[in-house]
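Have the structure open while you read.

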Amino acid sequence: MDATELTKLLQGGGSPDDLKKQLLQNLIAQQQAEPKKQDDTELRQCQARLRASRRRNRSLAAALGACVCFGDPRCRQCGGEGQPGTRAPEPDAFAFYVEPVLRQLGLLVDDELVPNQEG
Ligand SMILES: [Zn+2]
């Protein structure tokens, strides 16, 4: 019940008992509606987090040259053959996720891969 509806109710000239009854019914209806609103908000927040996680998973899989399942044998897209390194990595995602790690490990200096000692 908003302020306009409340004003109208108070000016309606009903008996105090009718007024109490209507206010009580509105209060109960409002309390029953609030948990649903909160549930909807939580559901939307969970859906947004899930979408963000899926985007990040796709991006990381692309960086590693993997299927989004990372080789799960139940995957319908790759049948479990999509482990990291089985596809060409997506260059921007590789630069974002993998190059900093290679640099940290001393395997990438000035954007050039450090040749391994075996050849
Ligand atoms: Zn897959």
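**Notes on the fold**

1. Starting at the N terminus, the elements of the chain go α-α-α-α-β-β, that is, 4 helices and 2 strands. Helices here are DSSP runs of H or I with at least four residues, strands are E runs of at least two, and both are numbered from the N terminus. The chain is more spread out than a compact globule, because its radius of gyration is 30 Å, well over the 14 Å from the globule rule for 119 residues. That radius is taken over C-alpha atoms, and the rule is 2.2 Å times the number of residues to the power 0.38.

2. A word on the model: it is predicted, so local features need pLDDT of at least 70 and side-chain atom pairs count only at pLDDT 80 or more, while totals for chains, interfaces and linings use all residues. Residues are numbered from 1 along each chain as its sequence is written.

3. Along its principal axes, the C-alpha trace spans about 95 × 35 × 20 Å. Buried residues make up 6% of the 119 residues. Buried means 20 or more other C-beta atoms within 10 Å of the residue's own, exposed means 12 or fewer, partly exposed is in between, and C-beta atoms are placed from the backbone.

4. Now look at Ala 62. Leaving aside neighbours within four places in sequence, Ala 62 is in contact (C-beta atoms, placed from the backbone, within 7 Å) with Pro 89, Glu 90 and Ala 93.

5. Finally, find Phe 70 in the loop between helix H2 (16-63) and helix H3 (91-97). Phe 70 isn't a glycine, yet has a positive phi of about 60 degrees.

Definitions and conventions: Two residues are in contact if their C-beta atoms, placed from the backbone, lie within 7 Å.
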